[in-house]
Amino acid sequence: MDKPKKPSPVVNPWVKPFWEAAREGRLVYQRCRSCGTNIFYPRIACISCFSDDLEWVQSSGKGTVYSYTVVESNCPSAFVDDMPYVIAIVKLQEKGVQMLSNIVGCDPVDVRCDMPVEVVFEKLNDDITLPKFRPVALK
Ligand SMILES: [Zn+2]
């Protein structure tokens, strides 16, 4: 039996710049030119003032784990080989920007809230490269 394929994100037109940047190894988010509010996930209008004058800004790619869970059982069949894996909300350094992603590059038991993390990019297919996060090595 063929292994089930992992699902690929649906790329709406206004989200294209996000996925194009990710393919190039850059993490971007939107900022409102009218009021300065940072916006993530991508929208067609500002979440604060409803202006559609939005620009794309590059993120530092650095943040902290806001919350997380370790998936150890009952995941969708395409992800069975990845278990145990970590689903996390990462709070980026840029005010108001939070992303749902995975923590990779460490043992899931070592993940903690407020742990410093940085973005890494994992190619899913020719169109989609997923931003994920790994612990920042403490010096
Ligand atoms: Zn605004």
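Visitor: How many helices and strands does the protein have?
Guide: There is 1 helix, and there are 8 strands. This is a predicted model.

Visitor: What pattern do they follow along the sequence?
Guide: The pattern reads α-β-β-β-β-β-β-β-β.

Visitor: What share of the residues counts as buried?
Guide: Of the 139 residues, 19% count as buried.

Visitor: What about contacts, how much comes from residues 24 or more positions apart?
Guide: Such pairs make up 49% of the contacts with a separation of 6 or more.

Visitor: OK, the core. Which residues in the largest nonpolar core touch the most other members?
Guide: That core has 16 residues, and the ones touching the most other members are Val 65, Ala 88, Val 90, Ile 103, Val 117 and Phe 133. Two or more core residues come from each of helix H1 (16–23) and strands S1 (28–32), S5 (85–92), S6 (98–103) and S7 (116–123).

Visitor: Which element gives the largest share of this core?
Guide: S5, with 4 residues. As general background, nonpolar side chains in soluble globular proteins tend to be buried together.

Visitor: Switching to sheets. What is the strand order in the open sheet of 3 strands?
Guide: The order is S2-S1-S3, and the pairing is antiparallel.

Visitor: Which strands are at the edges?
Guide: S2 (38–39) and S3 (54–58), each of which pairs on one side only.

Visitor: How many bridges join S1 to S2?
Guide: There are 2, with the strands running antiparallel. Gln 30 stands opposite Ile 39 of S2.

Visitor: What does S4 pair with?
Guide: S4, residues 62–71, pairs with S7 in the antiparallel sense over 3 bridges. Thr 64 stands opposite Pro 116 in S7.

Visitor: And how many bridges are there between S7 and S8?
Guide: S7 and S8 (residues 129–135) are paired by 7 bridges, also in the antiparallel sense. Val 117 has Pro 135 in S8 as its bridge partner.

Visitor: How many residues does the hairpin from S7 to S8 go through?
Guide: 5 residues.

Visitor: What is phi for Phe 50?
Guide: About 70°, which is positive although Phe 50 is not a glycine. For context, most residues other than glycine have a negative phi, and most peptide bonds are trans.

Visitor: Where is Phe 50, and is it buried or exposed?
Guide: Phe 50 lies in the loop between S2 and S3. Phe 50 counts as exposed because it has 11 other C-beta atoms within 10 Å, and the cut-off for exposed is 12 or fewer.

Visitor: What about Asp 114, what is its phi?
Guide: Near 70°, again a positive value in a residue other than glycine. Asp 114 is in the loop between S6 and S7.

Visitor: Why does Asp 114 count as exposed?
Guide: Because Asp 114 has 8 C-beta neighbours inside 10 Å. Asp 114 is still among the residues that Val 65 touches.

Visitor: Last one, Val 10. Where is Val 10 found?
Guide: In the segment before H1. Val 10 is exposed, with 6 other C-beta atoms within 10 Å.

Visitor: What separates the C-alpha atoms of Val 10 and Tyr 68?
Guide: They are separated by 24 Å, and the two residues are 58 residues apart along the chain.

Terms used:
Residues are numbered from 1 along each chain as its sequence is written. This is a predicted model: local features need pLDDT of at least 70, side-chain atom pairs count only at pLDDT 80 or more; totals for chains, interfaces and linings use all residues. A nonpolar core is a set of buried Ala, Val, Leu, Ile, Met, Phe, Trp, Tyr and Cys residues joined through C-beta atoms within 7 Å. A residue is buried if 20 or more other C-beta atoms lie within 10 Å of its own, exposed if 12 or fewer, and partly exposed in between; C-beta atoms are placed from the backbone. Two residues are in contact if their C-beta atoms, placed from the backbone, lie within 7 Å. Two strands pair if DSSP finds at least two bridges between them. Lists of a residue's contacts leave out its neighbours within four places in sequence.
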